[in-house]
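Welcome! Here is a short briefing to read alongside the structure, with the main points grouped by topic.

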Amino acid sequence: MSKVSRRKLITTGIAATAGVAGLGVAARLAQTYGLVPPDHGGLYGLGETLTYASQRLLTSHSLAREFSSSQISKPPFPNEMAPPTDAFKRLQAGGFADWRLSIDGLVDRPTTFSLAQLKSFPSRRQITMVQCEEGWSYIAEWIGVPLNHVLETVSVQPHARYVVYFSFQPDWWDSIDMADALHPQTFLTYGMNGGELPVGNGGPLRMRVPRQLGYKNVKFVTHLTVTDNLKTFGKGLGSASPEGGYAWYAGI
């Protein structure tokens, strides 16, 4: 049986089970296939589980819509942010020469990269939309290195399941599963609309996950941890977002 038909069969089974036997049984079926999000225990946990399982079975390789350069939104963009701290301002004053991205966890080669090193990797450009859960959106050109290339460089171990990413700002972090981490449109972004990524939009380095809502696209990224277990991070819900009432999986 092909992978696609198998996925459709499993998804159909989950959906049918949800309709006939109830959400609880369907959620247990999703768990059998390892398709349970880390925030499955909350008030909306069953719905989150069914959403995540269905999305992963049918859309793991789908692409976010890409736009033409004529469709790029005019600045200023919503939700721009000022430099967060004096320490950040000092790094900015030095042209971010001392900015570092560290990677650890389930990798064979834990590494620290400078911005210059990241920019020396093969770069890609995409024109995609940031969609905020609050209802606004904008289209921009994003320039960066695909996360899958960076993970290949540090050699992710086979049993890894998630990538956790942390902002320079304290207590601001999120995570994605390996399907999104290895997706060709998931970038570590350092450029925007032909220039450097502005600080207001998360510069010098921002995670860009165009298949998920805006809050998954964490700004000022400084640290990645590859792991097979999210329970040891924060409150064990997969990111700071569900701790504040949002869903861990924010697929569009």
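A residue is called buried when its relative accessible area is under 20%, exposed when over 50%, and partly exposed in between (1.4 Å probe, protein chains only). Glu141, with a relative accessible area of 15%, is therefore buried. What you see is a predicted model, in which local features need pLDDT of at least 70 and side-chain atom pairs count only at pLDDT 80 or more, while totals for chains, interfaces and linings use all residues. Residues are numbered from 1 along each chain as its sequence is written, and side-chain values use heavy atoms, leaving out hydrogens and water.

**Confidence**

- The chain has a mean pLDDT of 86, and 85% of its residues reach 70 or more; pLDDT is the predictor's confidence in each residue, from 0 to 100.
- Over residues 1-22, the pLDDT is below 50, and this stretch has 27 contacts in the model beyond near neighbours in sequence; a contact means heavy atoms within 4.5 Å.
- Where pLDDT is low, the predicted coordinates should not be read in detail.

**Strands around strand 1**

- Helices (H or I, at least four residues) and strands (E, at least two) are DSSP runs, numbered from the N terminus, and two strands pair if DSSP finds at least two bridges between them.
- Strand 1 (residues 100-105) runs antiparallel to strand 2 (residues 111-114), and four bridges join them.
- These two strands, strand 1 and strand 2, form a hairpin with five residues between them, and Arg100 has Ser114 in strand 2 as its bridge partner.
- Strand 1 is also joined by four bridges to strand 10 (residues 221-227), and here the two run parallel; Asp104 has Thr225 as its bridge partner in strand 10.
- Thr222 is found in strand 10 and counts as buried because its relative accessibility is 18%.
- Leaving aside residues up to four places away in sequence, Thr222 touches several residues, including Trp99, Arg100, Leu101 and Phe166.

**Salt bridges**

- A search of the whole structure finds four salt bridges, each defined as a side-chain nitrogen of Lys or Arg within 4 Å of a carboxyl oxygen of Asp or Glu.
- One of them joins the side chains of Glu196 and Lys119 (2.9 Å, N to O).
- This pair links distant parts of the chain, 77 residues apart: Glu196 is in strand 8 (residues 195-196) and Lys119 in helix 5 (residues 115-120).
- Glu196 counts as exposed because its relative accessibility is 56%, whereas Lys119, at 35%, counts as partly exposed.
- Arg125 and Glu141 also meet through their side chains in a salt bridge (3.3 Å, N to O).
- Arg125 lies in strand 3 (residues 124-131) and Glu141 in strand 4 (residues 137-146), so the pair ties together parts 16 residues apart in sequence.
- Asp174 forms a salt bridge with Lys216, with the closest N and O atoms 2.5 Å apart.
- Asp174 is in strand 6 (residues 173-177) and Lys216 in the loop between strand 9 (206-208) and strand 10, so this pair ties together parts 42 residues apart in sequence; both Asp174 and Lys216 are buried.

**Asp39 and Thr59**

- Asp39 is found in the loop between helix 2 (23-32) and helix 3.
- Although buried, Asp39 has no salt bridge, and the nearest side chain of opposite charge, Lys216, is 8.3 Å away; Lys and Arg count as positive and Asp and Glu as negative, while His and the chain ends are not counted.
- A polar atom of the Asp39 side chain lies 2.9 Å from the backbone nitrogen of Trp248.
- Thr59 lies in helix 3 (residues 45-59) and counts as partly exposed because its relative accessibility is 24%.

Notes. Polar contact = N/O pair within 3.5 Å; in protein donor to acceptor, adjacent residues only side chain to side chain.
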